[in-house]
Amino acid sequence: MSGEKCFEVLEKIFIPKKKQDIKDIKGYTIKYGNIVEGTEIVDEVLVSYFKAPKSYTTENMCEINSHGGNIVVKKILELCLKNGAELAEPGEFTKRAFLNGRIDLLQAESVIDVINAKSEREAKTGIKQLEGFLSREIAEIKKEIMDVMIGIEVAIDYPEYDVDDVTNKEISEMLEKVEDKLTKLEKSFDNGKIIKEGIKTAIIGKPNAGKSSLMNAILKEDRAIVTEYEGTTRDTIEEFVTINGIPLKLVDTAGIRDAKDEVEKIGIAKSKEMANSADLLIAIFDASKELDEEDLEILELAKNKKTIILLNKIDLNTKTDENDIRLRNASNSILKISALNKIGIENLYEEITKLFNLNEINLDNEIVITNIRHKNLISKAIENVKKTKETIKNKMPLDIVAIFIKDILEDLGSITGEIVTDDIIDEIFAKFCLGK
């Protein structure tokens, strides 16, 4: 519970073993006792006390730690509500922390990133933003702009002083530095998108080429059905797996061939659609057979995309090898594997790591943008930097230049929440779950 009257509500339902006036209870302490309804004990609990302003929300807060179990927890919740508490809205605790000034909007958004993290790297990025690394970078950029804005305001308010030339030079130098820093942040989104959303990977191939066996080998479980019969996979199967700290969204698709079954046709159409939208294609071929027209159609899908070609079933007599010019024309990444015997799977991981430069993503020394809202606002700020540079080039009056510089500051302020509408705040916190 959080809020001015949370201790009042607590006192109605909690009897500590050692009674103490709330004024004498220190923050960051835990008391042992019972939750009661009248004279009846509901559960034996520990209650943590947090006193304003030293709490998550900066308000008085308490946390009731019960034995768990649906019945007991539900009963304690009902007692809290019955005695004056109100059920929190999604993200309301973090929203209060933001509105009360303990964290900025950027840090608040990182809370949900940490909660929803699908990999260690994504969690690490969220923690860095929660600690304020990006907030401090934005603050430093704003300070550089504000230092120059002081000179601009002087030039506008006191035109009798001849400071235009000096101010224009200072503005130009500042804009160059700001643009460099913002561009670096904007470019980091390429890595940030991979860290947060993962690499959408479509496994494509003919029926019985080994797609489902590959999926099972990577997942180390029998997730997809593997049989000797063609056309077993009728729909896409999606799973996440982590490679080098990056989530891979694996999609096992229906085998691509000239099918007569209507259901299979729909699955094949979805396979082609998935192949076109994927970040990475893994095109798998049966190396024990010659390439045919259906294989060549798959190679056409793979052209001009990030593609790894796998020659599967190398444990059998091979009739297709990596020197085939038709394979080489589709991709430079060609590997030999046996999906069923799990041979060559580690080589696939290494190839993915190399293809997406995963080893170059250094979260210890870099600030990485993972949020599309932040990226869009940074891009907008860069556009306003360019517009400002254009006004100076065209020798526009300083008051016009100042308008564009203020637009840059507004864009940056929107990232951290200093300048943001209630609608945007509500939209952001609606993504949170209850109790966060």
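Me: In which helix is Glu179 found?

Reply: This is a predicted model, in which local features need pLDDT of at least 70 and side-chain atom pairs count only at pLDDT 80 or more, while totals for chains, interfaces and linings use all residues. Residues are numbered from 1 along each chain as its sequence is written, and side-chain values use heavy atoms, with hydrogens and water left out. Helices (DSSP runs of H or I, at least four residues) and strands (DSSP runs of E, at least two) are numbered from the N terminus, and the helix of residues 164–197, where Glu179 is found, is α7.

Me: Is Glu179 buried or exposed?

Reply: With a 1.4 Å probe and protein chains only, a residue is buried under 20% relative accessible area, exposed over 50% and partly exposed in between. The relative accessible area of Glu179 is 12%, so this residue counts as buried.

Me: Which residues is Glu179 in contact with, leaving aside its neighbours within four places in sequence?

Reply: Contact means that heavy atoms lie within 4.5 Å. Once those neighbours are left aside, the contacts of Glu179 are Ile382, Val385, Lys386 and Lys389.

Me: How are helices α4 and α14 oriented to each other?

Reply: Helix α4 (residues 105–115) and helix α14 (residues 398–416) have axes 5 Å apart and an angle of about 40° between them. Axes here are lines fitted to C-alpha atoms over the stretch in contact, with angles from 0 to 180 degrees between N-to-C directions. Angles under 35 degrees count as roughly parallel, over 145 as roughly antiparallel and 65 to 115 as roughly perpendicular, with the rest oblique. The orientation of α4 and α14 is therefore oblique.

Me: Why is strand β5 largely enclosed by the rest of the structure?

Reply: Strand β5 covers residues 199–205, which are 7 residues. The strand is largely enclosed because the number of these residues that are buried is 6.

Me: Which residue is the bridge partner of Thr201 in β7?

Reply: Two strands pair if DSSP finds at least two bridges between them, and β5 is joined by 5 bridges to strand β7 (residues 246–252), the two running parallel. Within β7, the partner of Thr201 is Leu250.

Me: Which residue of β8 stands opposite Gly205?

Reply: Strand β8 (residues 280–286) pairs with β5 over 5 bridges, in the parallel sense. Opposite Gly205, the residue in β8 is Ile284.

Me: What percentage of the residues of the protein chain count as buried?

Reply: The protein chain contains 15 helices and 10 strands. Of its 436 residues, the share that counts as buried is 46%.
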